[in-house]
Amino acid sequence: MRGIVTRGVGGLYGVRLTERPEEEILCRARGILRQKKLSPTVGDDVRVELADDEDRKEPLILVEEAHGRGSRMKRTEKKDRGVDVDYVIDTVEERRSLLIRPPVANLDILFAVIPCASPEPDLLTADKLTVIAENYGIETVIVVNKADLDPEKTAEISRIYGTAGYRVFPLSAARGEGVDALRAYIRERALDAPEGGHVSGAFAGASGAGKSTLMTALFPDLRLETGSVSRKTERGRHTTRHVELWPMDMDGGIFWIADTPGFSMLDFTRFDFFPYDELASSFREFEDCLGKCRYTKCTHLREEGCAVIAKRDAGGIAPSRHESYVRIYEEQRSVPEWKRRQIEGSR
Ligand code: GDP
Ligand code: ZN
């Protein structure tokens with residue numbers, strides 16, 4: 001049976017079968033996966049089988065993760081024969097992508113929600129999101145929310161990202177205006193799911209951007225499920241960021257929504273080891289300029305004869321996008337070499 005890992009619960013995995021997503025089954029990972037040190041991750045496409053006697057002999061390894069003092073991740077393993085389940089994950093299909101923080105595999109779409117006002121839009125953070133997504137091979141969809149508050153600003157932000165080559169949905173989540181267009185797009189993507197695979201997405205953006213309002217407007221069923229008391233208390237207790245995937249029926253297809261507090265504050269520690277000299281290729285609208293600058297080692301920050309700057313001055317690149325590039329580049333360059341090596345070594 002084929003399925004998707006929708007949550008990890010201390011050594012056990014919640015899996016929803018592709019054929020019957022409304023129901024969740026609990027599984028262990030088969031011993032062979034553990035030998036290969038391949039732990040199933042939320043978002044993995046997996047093959048599930050009935051547990052046999054061999055599986056039942058395997059001790060279940062419970063992994064507990066907690067933030068101790070100084071917020072260092074503590075990992076303790078304890079063996080337990082107490083929990084028994086009827087199914088095992090036998091195979092994990094090859095991953096298309098793997099986000100580390102928050103941990104989720106095969107994420108297809110990152111919806112970057114930018115409010116046009118209240119709170120003030122933070123384009124640098126939005127641009128960091130696009131850079132991260134480009135690096136993981138995840139598609140970014142830009143949502144400019146609260147259009148009712150400032151239509152002009154909404155149009156301006158939409159233009160910036162439209163020019164950059166992103167799909168943009170200006171809307172008002174609270175009024176429900178423009179939400180249908182986004183829902184239609186999500187449905188289209190869901191119907192396009194690969195054979196045996198799935199299509200998933202997550203909403204990211206500053207606190208107060210309107211993510212919850214938008215998700216409720218798009219997926220009325222989501223609230224009911226995530227609002228259940230047991231899950232709420234469960235979430236309150238754990239300090240680690242658990243991702244859970246929820247199947248949303250999109251009228252003929254299923255779209256899997258990653259619901260996690262983690263995405264609201266998507267971690268930028270990855271930038272600690274981002275090779276800054278490769279940053280330019282993560283700005284998709286810079287692509288056709290690369291290799292055309294006067295100097296082969298052009299940093300595109302402020303050099304004479306820079307093709308990126310020329311394109312910006314001609315209106316092909318939004319000034320705010322180039323500004324973000326400069327800011328991120330300089331942040332990256334200031335990471336000391338020893339720290340860079342340390343982080344790269346621990347990867
Ligand atoms: P989150 O922190 O990103 O999940 O944001 P919320 O969904 O909780 O929304 C934050 C606030 O913005 C709430 O008071 C919402 O009612 C409000 N809000 C959300 N969408 C809109 C919108 O389209 N227009 C206006 N005017 N307010 C909105
Ligand atoms: Zn250049």
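Modeller: Side chains of opposite charge can pair when their charged atoms come close. In this predicted model, arginine 96 forms a salt bridge with aspartate 108, and their closest N and O atoms are 2.4 Å apart.

Biologist: Where do arginine 96 and aspartate 108 lie, and how many residues apart in sequence are the parts that the pair ties together?

Modeller: Arginine 96 belongs to the loop between strand 7 and strand 8 (98-99), whereas aspartate 108 belongs to the loop between strand 9 (104-105) and strand 10 (109-115); the pair therefore ties together parts that are twelve residues apart in sequence.

Biologist: Is aspartate 108 buried or exposed?

Modeller: Buried means under 20% relative accessible area, so aspartate 108, at 14%, counts as buried. Arginine 96, with a relative accessible area of 44%, is partly exposed.

Biologist: Which residue forms a salt bridge with aspartate 127?

Modeller: The partner is arginine 321, with the closest N and O atoms 2.8 Å apart. Aspartate 127 lies in helix 3 (residues 123-136) and arginine 321 in helix 10 (residues 319-333), so this pair ties together parts that are 194 residues apart in sequence. Both aspartate 127 and arginine 321 are buried.

Biologist: Which residues are joined into one network by salt bridges that share partners?

Modeller: Arg30, Glu49, Asp52, Asp55 and Asp90 are joined in this way. Within that group, arginine 30 forms a salt bridge with aspartate 90, the closest N and O atoms being 2.9 Å apart. Distant parts of the chain are linked here: arginine 30 is in the loop between strand 3 (24-29) and helix 1 (31-35), and aspartate 90 is in strand 7 (residues 87-92), 60 residues apart. Arginine 30 is buried at 12% relative accessible area, while aspartate 90 is partly exposed at 22%. A search of the whole structure finds 21 salt bridges.

Biologist: Let us turn to the ligand. How many residues surround ligand 1, and which are the closest?

Modeller: Ligand 1 is surrounded by 15 residues, the closest being Asp148, Gly208, Lys211, Ser212 and Thr213. By class, the shell has five nonpolar, seven polar and three charged residues. Helix 6 (residues 211-218) gives the most to this shell, with three residues.

Biologist: What lies 3.1 Å from an oxygen atom of ligand 1?

Modeller: A polar side-chain atom of serine 172 lies at that distance, and so does a backbone N or O atom of alanine 174. For lysine 146, an N or O atom of the side chain is 2.9 Å from an oxygen atom of ligand 1. Taken alone, ligand 1 exposes 580 Å², of which the protein buries 67%.

Key
Residues are numbered from 1 along each chain as its sequence is written. Chains are lettered from A and ligands numbered from 1 in the order in which they are written. This is a predicted model: local features need pLDDT of at least 70, side-chain atom pairs count only at pLDDT 80 or more; totals for chains, interfaces and linings use all residues. Side-chain values use heavy atoms; hydrogens and water are left out. A residue is near a molecule or strand if one of its heavy atoms lies within 4 Å of it. A polar contact is a pair of N or O atoms within 3.5 Å; within protein, one must be able to donate a hydrogen and the other to accept it, and residues adjacent in sequence count only if both atoms are side-chain atoms. Accessible areas come from the Shrake-Rupley method with a 1.4 Å probe; for residues, only the protein chains shown count as cover. Helices (H or I, at least four residues) and strands (E, at least two) are DSSP runs, numbered from the N terminus. Ala, Val, Leu, Ile, Met, Phe, Trp, Tyr, Cys and Pro count as nonpolar, Asp, Glu, Lys and Arg as charged, and the others, Gly among them, as polar. A salt bridge is a side-chain nitrogen of Lys or Arg within 4 Å of a carboxyl oxygen of Asp or Glu. Buried means under 20% relative accessible area, exposed over 50%, partly exposed in between (1.4 Å probe, protein chains only).
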